[in-house]
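Me: I have a protein model to study. Could you take me through it in questions and answers?

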Amino acid sequence: MRIGQFLKLAGILLLIWGIVSWFLPFEDHQSFYTDTGYNVFFLCIGVLVTWIGTTWNPELRRIWTVYLAALFLLLALIGLVVAGRDAPNLWVMNLENPVDNVIHLVVGLVFLAASIYCKPDAVYAEPPGTTMNVR
């Protein structure tokens, strides 16, 4: 799989997660709890990742995949360190929730693996169905 394809797929999945989590009927202090900030975060990250995968320079896609992996791994690390304590919510994430921390860890590891194992995109690819007339 190419890095651009991965980013498009991951962005769509993150967008779906952000939309679906608006409709989850769970309440605070349950095993899985989403709040408005959490949903908006995943919607924004989904849009950003899809945008990176579709329109950005192919040389920058791998670098930003590493940055996104670092973001999610950092959220997981902070969440795992402060789990069971009165943790700050960072206006976005409730870091006390162990399920959220595991989700952040898995997403971060998937982005890290993609940055290592996905093939690079062609920098100057000809659009499908067109021919180049070079004089």
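Predicted model: local features only at pLDDT ≥ 70, side-chain atom pairs only at ≥ 80, totals over all residues.

Me: How many helices and strands does the protein chain have?
Reply: Helices (H or I, at least four residues) and strands (E, at least two) are DSSP runs, numbered from the N terminus. From the N terminus on, the elements run α-α-α-α. The count is four helices and zero strands.

Me: Are α1 and α4 roughly parallel or roughly antiparallel?
Reply: Axes are lines fitted to C-alpha atoms, for helices over the stretch in contact, and angles run from 0 to 180 degrees between N-to-C directions. Under 35 degrees is roughly parallel, over 145 roughly antiparallel, 65 to 115 roughly perpendicular, and the rest oblique. Helix α1 and helix α4 (residues 98-117) pack at about 165°, with axes 10 Å apart. That makes α1 and α4 roughly antiparallel.

Me: How many nonpolar residues are in the contact of α1 with α4?
Reply: Contact means heavy atoms within 4.5 Å. Here α1 brings Ile 3, Phe 6, Leu 7, Ala 10, Leu 14 and Trp 17, while α4 brings Ile 103, Val 110, Phe 111, Ala 114 and Ser 115. Ala, Val, Leu, Ile, Met, Phe, Trp, Tyr, Cys and Pro count as nonpolar, Asp, Glu, Lys and Arg as charged, and the others, Gly among them, as polar. The contact has one polar residue, no charged ones, and a nonpolar count of 10.

Me: How is α1 set against α3, parallel or oblique?
Reply: Helix α1 (residues 3-20) and helix α3 (residues 58-82) have axes 9 Å apart. Their angle is about 45°. That makes α1, relative to α3, oblique.

Me: How far apart are the axes of α3 and α4?
Reply: Helices α3 and α4 pack at about 155°, and are therefore roughly antiparallel. Their contact residues divide into 15 nonpolar, six polar and one charged. The axes are apart by 8 Å.

Me: What kind of aromatic pair do Trp 64 and Tyr 67 form?
Reply: Rings of Phe, Tyr and Trp (its six-membered ring) pair if their centres lie within 6.5 Å; planes under 30 degrees apart are stacked, over 60 edge-to-face, and the rest tilted. That rule gives nine aromatic pairs. Trp 64 and Tyr 67 are 5.1 Å apart centre to centre, with 85° between the planes, so the pair is edge-to-face.

Me: What separates Trp 64 and Tyr 67 along helix α3?
Reply: Trp 64 and Tyr 67 sit three residues apart in helix α3. The separation is therefore about one helical turn.

Me: Which residues do ring pairs link into a cluster?
Reply: The cluster is built by ring pairs. Its members are Phe 6, Tyr 38, Phe 41, Phe 42, Phe 72 and Phe 111.

Me: Is Trp 51 buried or partly exposed?
Reply: Trp 51 lies in helix α2 (residues 36-55). Buried means under 20% relative accessible area, exposed over 50%, and partly exposed in between (1.4 Å probe, protein chains only). At 46%, Trp 51 is partly exposed.

Note on methods:
Residues numbered from 1 in each chain as written. Heavy atoms only, no water.
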